[in-house]
Each structure stands twice: as structure tokens, then as C-alpha cells.
Amino acid sequence: MTREEKSQVIESLTAQLSENTIIYLADISGLDAGATTKLRRACFKAGVSLNVVKNTLLSKAMESSDKDFGELSEVLKGNTSLMVSETGNAPAKVIKEFRKKSEKPLLKGAFIEEAIYVGDEKLDKLVEIKSKEEVIGDIISALQSPAKNVISALKSGGTTIAGIVKTLSEKEG
């Protein structure tokens, strides 16, 4: 690879890192061609982009980026694949599901909305992260719940109040 080609790859990686807030680094070494193809398909279905990258080029792209990747540069050893998604837990779910049949991929680290996770032991924690849509759904449900309770109480209370008024009016008459 020429110096100019390396420069173009670094620019491309820097742009990719700058444009995305959910970035996972994984080790897929040891997967044969068939398993790699299955992993790529699983990623595609989950809306995850998967690219094998050179550690030195990714490291330079991280340095050029406007984001602080902290300890993530330390995991750039051996085979590294870059997984990018719009959903915080999608790459983690793909990795976890794929590992039901294989030892790999291993999670090296992740950058999610400025939070940094390093190490494969963080995989379960990352799977549990809720997407923006799930959080918004939870908030809407929480907001609707009190309103439903008030409406329900008014409806049931309305018949009770009407019954009391009717009973009192009958006693007076």
C-alpha cells in the first residue's frame, strides 16, 4: 500500500469515526471464510457495518478524529474489525448471538455516545444498553401511565359520585 493510499484510508476511517457515535472493535481472527460470511450477513441484517482494519491506520484515524477514544487505542493489537451501528446494542447482540456457535468474535472495546468500554467481559453490559427508540418508548409509557390512572379514577369515581348524589337526592325527597 502506497503512502497516498494509506492517507486515503486514514481519511476515510477518520470520517467514519467522526460521523458515528456507536463504534465497536472486535477480533474475528480464526473464523474461516464461511463463518466470516455468516457474521457479515448477521451484521447486515442488524444494521451493523463490519470492516477489517489495519491497527496502525485506525490508530492514526483515532488521533485525527475530534473524539476522545481514551483506552481504545490500547486494544489495537492483532486482528481488529470495526463495527459501526446507529443502535447502541446492535453490535453487542450480533457478537453474543454469533458466539452461541463460535468462540469469536471477541469484543476488544466499544465507544458508545462518548462512553468507553474495554474488554470482552463488558459484552453482557453492552447487550443491555437500550436504543434511543426503547428509551423514548419507556418515557412515553411512564408519562401515559399517570394520565390513564387519573382518567380511570375519574370514570369510576364519576359513577360513584353520581350514585351518592342520587342517593342523597332520594333521601331528601
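Strands E1 and E3 pair in the antiparallel sense over four bridges, where pairing requires that DSSP finds at least two bridges between two strands. Alanine 26 stands opposite serine 81 in E3. The model is predicted, so local features need pLDDT of at least 70 and side-chain atom pairs count only at pLDDT 80 or more, while totals for chains, interfaces and linings use all residues. Residues are numbered from 1 along each chain as its sequence is written, and side-chain values use heavy atoms, with hydrogens and water left out.

## Overall layout

The protein chain has six helices and five strands. Both kinds of element are DSSP runs numbered from the N terminus, helices being H or I over at least four residues and strands being E over at least two. Along the sequence the pattern is α-β-α-β-α-β-α-β-β-α-α. Of the 173 residues, 35% count as buried. Buried means under 20% relative accessible area, exposed means over 50%, and partly exposed lies in between, with a 1.4 Å probe and protein chains only.

## The strands

Strand E4 (residues 106–112) is mostly covered, with six of its seven residues buried.

E4 in turn is joined to strand E5 (residues 115–118) by four bridges, and these two strands run antiparallel. Phenylalanine 111 has isoleucine 116 in E5 as its bridge partner. E4 and E5 form a hairpin with two residues between them, and glutamate 113 in the turn has a positive phi of about 50°.

## Helix H1

Helix H1 (residues 3–19) has 17 residues and reaches 24 Å from its first C-alpha to its last, close to the 24 Å expected at 1.5 Å a residue. The expected span is 1.5 Å times one less than the number of residues. Ile10, Leu13, Thr14, Gln16 and Leu17 are buried in H1. Seen down the helix axis, the buried residues of H1 fall within an arc of 160°, so they line one face of the helix. The arc is that of the directions from the helix axis to the C-beta atoms. An α-helix has 3.6 residues a turn, so residues three or four places apart point the same way. Glu4, Glu11 and Glu19, on the other side of H1, are exposed.

## Salt bridges

Side chains of opposite charge can pair when their charged atoms come close. The structure holds four salt bridges, each a side-chain nitrogen of Lys or Arg within 4 Å of a carboxyl oxygen of Asp or Glu. The table lists some of them.

| Lysine 104 | Aspartate 27 | 3.4 Å |

Lysine 104 forms its salt bridge with aspartate 27. This pair links distant parts of the chain, 77 residues apart: lysine 104 is in the loop between helix H4 (90–98) and E4, and aspartate 27 is in strand E1. Lysine 104 is buried at a relative accessible area of 18%, and aspartate 27 is buried at 14%.

Lysine 96 is partly exposed at 36% relative accessible area, and aspartate 124 is partly exposed at 41%.

## A nonpolar surface patch

Val135, Ile139 and Leu143 form a nonpolar patch on the surface, with about 270 Å² of accessible area together. Patches are made of residues with over 30% relative accessible area and no salt bridge; like charges are joined within 9 Å, and nonpolar side chains (Val, Leu, Ile, Met, Phe, Trp, Tyr) within 5 Å. Accessible areas come from the Shrake-Rupley method with a 1.4 Å probe, and for residues only the protein chains shown count as cover. Leucine 143 is found in helix H6 (residues 132–172) and is exposed, with a relative accessible area of 61%.
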